[in-house]
There are 2 protein chains.
Amino acid sequence: MTSANPSPGDVPEKIVAALDRIARGLRSHRQSVASRVGLTPLQLELLQTIDESPRPVIGLLAKELEVSQPTVSDSLLALERKGHVVRRRSDTDRRRTTMELTDSGRELVGEVRRAGEILRSSVAALAGPDQEAVLDILLSLIGNLLDAGIIQVARTCRTCRFYDHRDGLDARCALLQIPLPPAALRVDCPEHEPLLAS
Amino acid sequence: MTSANPSPGDVPEKIVAALDRIARGLRSHRQSVASRVGLTPLQLELLQTIDESPRPVIGLLAKELEVSQPTVSDSLLALERKGHVVRRRSDTDRRRTTMELTDSGRELVGEVRRAGEILRSSVAALAGPDQEAVLDILLSLIGNLLDAGIIQVARTCRTCRFYDHRDGLDARCALLQIPLPPAALRVDCPEHEPLLAS
DNA sequence: CAAATTAGATAGGACTCCTATTCTTTAACC
DNA sequence: GGTTAAAGAATAGGAGTCCTATCTAATTTG
């Protein structure tokens, strides 16, 4: 190694540190957005996740949010007390709980979505080609983190059994039969099915 | 019916979603690492931050961790009860509290650092050039988030008043008088001084 | 049909995290 | 110099997070 070179330092280390810094910021930002509308961060995420789920199930919500099932039950109870959600037993399987946002719940989701615009614009301020690059790399990272057991749920193309990327060919989705250039890769695909561990 | 159109979608949106997913994973990973050593995530971060600070001050620790001052006081109390930290009043300024890790505290920090290896290796598994690219972009993002007020503290080169990057020239640190190629950019520089708002 | 599994709810406890307040101690000012 | 002001931190109080362990009820399975 030529000693004249400034030490590049440990890049992965720095990336972890940068992710940490960003994660702290996002946490505290979520906290302030949530409290502005009278919620807690978890309640807010739960509300958004319910809104995005066609047929939310408590156990899956827990996995989704990477918390335990009782934590979701707790938080859901709080949301119900605040009148943003109604719960009832499922008719088809009476062990299950179904839930639905109330009008006030839906209203909050929209309000919060608008508040999140600041965050999206911080990301959008990155140069265009950089955006695709960072998305691409974050998707790889999600795959690695999933393999490492650090994250539990991912519905990205790269972690999907329909992701078809033979050498030399452009990546495609084997289910939808569409090409998948980097910008079309999905972070949260409804059709996602995990790779089989076998 | 699912759209058959490979619409590139809103890339910034996807990046935010990916960051969210990663942040959730990191949170839950921290939780499990922390509880394995009998701590909570905040206690763990606090312990690490104290370890890295030459002369920790409660108010600054709060900013660093993006939580309120009483939250740090609380958590510090818990760490003291568990015997990982000792607190006392500062002699020079008797309003201040100084603190120090005990042997068991230092031991924990080392232990946890080893546990974090999994995370670093997930990042290290990215291709080399990708690593530099993602670091570069995350540093830009930190700058944007700082400007947007989403994060409160950053000690990166790009947010430092000594960062010297005239067009066409390679970036340098005006304080240390060293060149700053992308891999040498710092995430947490001890010499950092913020840009003046003027 | 009994046993196992699955979905959730409850219980209990430590802690987070906030705002508001109080107590000192230091700084600032006339 | 003596009186505000400001700074640093502890306390109080309260809702909520988040966990493990249980418990109940409803479905599956053998």
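Reader: What makes a residue count as one that surrounds DNA strand C?

Author: This is a predicted model, and the test is distance. The C-beta atom, placed from the backbone, must lie within 6 Å of the strand. For DNA strand C, 25 residues surround it. The closest are A:G59, A:P70, B:L42, B:S68 and B:R94.

Reader: Which elements give two or more residues to the surface near DNA strand C?

Author: Chain A supplies α1, α3 (58–65) and α4. Chain B supplies α2 (41–52) and α4. The most comes from α4(B), with 5 residues.

Reader: How do you know how the surface near DNA strand C divides by class?

Author: Each residue is sorted by its type. Asp, Glu, Lys and Arg count as charged, so B:R94 falls in that class. Gly counts as polar, so A:G59 goes there. The surface comes to 7 nonpolar, 11 polar and 7 charged residues.

Reader: What surrounds DNA strand D?

Author: 25 residues surround DNA strand D, and the closest are A:T40, A:L42, A:S68, B:G59 and B:P70. Two or more residues each come from α2 (41–52) and α4 (69–81) of chain A, and from α1 (11–36), α3 (58–65) and α4 (69–81) of chain B. The largest share, 5 residues, belongs to α4(A). By class, there are 7 nonpolar, 11 polar and 7 charged residues.

Reader: How do you know which residues of chain A are in contact with chain B?

Author: Again by distance. Two residues are in contact if their C-beta atoms lie within 7 Å. On that test, 58 residues of chain A are in contact with 57 residues of chain B. On the chain A side, α1 (11–36), α6 (117–124), α7 and β5 (178–179) each supply at least two residues. The most comes from α1(A), with 18 residues. That side has 39 nonpolar, 8 polar and 11 charged residues.

Reader: Why is the crossing of α7(A) and α7(B) called left-handed?

Author: A crossing is left-handed if the near helix is turned anticlockwise from the far one by less than a right angle. The crossing of α7(A) and α7(B) is of that kind. The angle between these helices is about 115°, and their axes are 10 Å apart.

Reader: Which residues meet where α7(A) and α7(B) pack?

Author: A:D130, A:A133, A:V134 and A:I137 meet B:D130, B:A133, B:V134 and B:I137. By class, the contact has 6 nonpolar, no polar and 2 charged residues. Asp counts as charged, so A:D130 and B:D130 belong to that class.

Reader: What makes β4(B) and β5(B) a pair?

Author: Two strands pair if there are at least two bridges between them. Strand β4 (residues 172–173) and β5(B) have 2 bridges, so they pass, and the sense is antiparallel. B:R172 stands opposite B:P179 in β5(B).

Reader: Why do β3 and β5 of chain B stand at the edges?

Author: The open sheet runs β3-β4-β5 in chain B. β3 (163–164) and β5 (178–179) each have a single partner strand, so one side of each is left without a neighbour in the sheet.

Reader: What does the UniProt record say about residues 12–147 of chain A?

Author: An unreviewed UniProt entry annotates them as "domain: HTH marR-type". Over these residues the chain is 73% helix and 7% strand. The end C-alpha atoms are 17 Å apart. Chain A as a whole comes to 7 helices and 5 strands.

Key: Residues numbered from 1 in each chain as written. Chains lettered and ligands numbered in written order. Predicted model: local features only at pLDDT ≥ 70, side-chain atom pairs only at ≥ 80, totals over all residues. Helix = DSSP H or I, 4+ residues; strand = E, 2+ residues; numbered from the N terminus. UniProt positions renumbered as here; feature names shortened; annotations may be inferred. Axes fitted to C-alpha atoms, helices over the stretch in contact; angles between N-to-C directions.
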